[in-house]
Amino acid sequence: MLSAFAENRGATNMDKKRAFLISAVFLSISIFLIMAYTDALQTELTKTFGPPVGVVVAKTSIPEYGIIRPEMLEVAPMFKNFLQTQTVSVALGDDIAAKKAINEVAGKAAYVPIYAGEQITLTKLVHQDGKPVLDRQVEKKMRAITVAVSPATGVGRLIRPGNRVDILGKVNYEINGAEQFEVKTFFQNILVLATGKNLQNSVPTKVTREVLSALEAQFEEQKRKDLYTTNVDSGTSRPDDNYTHMTLQLTPDDADKLLFLQSKIGDGGLYYTLRNSADSSVVSLETTILDQVLGPDSELGRSRVKFTPPPPLKPKYYDSVGDKIVPKF
């Protein structure tokens, strides 16, 4: 019986080995057929759409006027006939050329939004050479309008592009010959597009070696002056703001109203208050007049207090004088 059991066990092992070999042979044949099919398909696609090349595409979405960085880009294979005009392309498998192509694009700004997987073309990059690009930052159906500001009306010129402000002003007029003064908040949560020529989304401009050398020389000269003077404000790295105008984004109707206010009360009568970036609320605000500012505890308030007149005196009796009844007090 032991010999019969051994023979049966040996036969079972042989069957397993035979099944494994057959499976391996069929797997090899399947892989060969798949590779042959893909090679044939690749040849047919290459014949129809051209040879595959490497093209620089966006790895992640890039916003409008966003600065493009190397980690936002990658080189992906694509058939030649699918390449767009002015696409940055390289040969497949050339890692050095791929890295060079990515570095050529990195550092520039996107003129339009570029989505993940989209080809990077030179027509989508900003080539402004120092010229301002403002029109594409204005939202559709909105308008850009410029106003004059001073340190007193513009928060000490501390307003930055991208901040939001409220616009208020003082007006005076006559009612029945008496002059009235009021302070009113006209517009709320207004976007600042630019201060001077500094735009909200400034893009890097072309800077030559001569300009850099001049800036470095000026910086060194300032450092030498600082050794012998103590009137240099070194407590902040904030750039010097010498702008005298701000560009705001308003609806066409509000732009008309602001222009009317400018012509009526002048730029000196308009004031711009700075908002917290997280505060976008627009609430109803009452007009402020002098009575509200001074309040009742003031000479003006007391002069306008209306006292209740005393009740009329009652006569003690009535007397007849001729044909009339006259009260006696």
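The chain exposes about 23700 Å², and carbon and sulfur atoms supply 58% of that area; accessible areas here come from the Shrake-Rupley method with a 1.4 Å probe, and for residues only the protein chains shown count as cover. Colleagues, what you see is a predicted model, in which local features need pLDDT of at least 70 and side-chain atom pairs count only at pLDDT 80 or more, while totals for chains, interfaces and linings use all residues. Residues are numbered from 1 along each chain as its sequence is written, and side-chain values use heavy atoms, with hydrogens and water left out.

Let me begin with the overall architecture. The chain has six helices and twelve strands; these are DSSP runs, helices being H or I of at least four residues and strands E of at least two, numbered from the N terminus. Of the 329 residues in the chain, 25% are buried. Buried means under 20% relative accessible area, exposed means over 50%, and partly exposed lies in between, with a 1.4 Å probe and protein chains only. Turning to contacts, defined as heavy atoms within 4.5 Å, we take those between residues at least 6 apart in sequence: 70% of them join residues at least 24 apart.

I now come to the salt bridges. The term denotes a side-chain nitrogen of Lys or Arg within 4 Å of a carboxyl oxygen of Asp or Glu. How many salt bridges does this rule give? The count comes to three.

One of them pairs Glu118 with Lys124, with 2.5 Å between the closest N and O atoms. Glu118 is partly exposed, at 22% relative accessibility, whereas Lys124 is buried, at 12% relative accessible area.

Arg275 forms a salt bridge with Asp166, and here the closest N and O atoms are 2.6 Å apart. Which parts of the chain does this pair tie together? Arg275 lies in the loop between strand 9 (270–274) and strand 10 (288–289), and Asp166 lies in strand 5 (residues 164–175), so the pair links parts that are 109 residues apart in sequence. Arg275 is buried, with a relative accessible area of 12%, and Asp166 is buried as well, at 11% relative accessibility.

Arg275 also meets the side chain of Asp279 in a salt bridge, at 3.5 Å from N to O. Asp279 is partly exposed, with 31% relative accessibility. Through shared partners, salt bridges join Asp166, Arg275 and Asp279 into one network.
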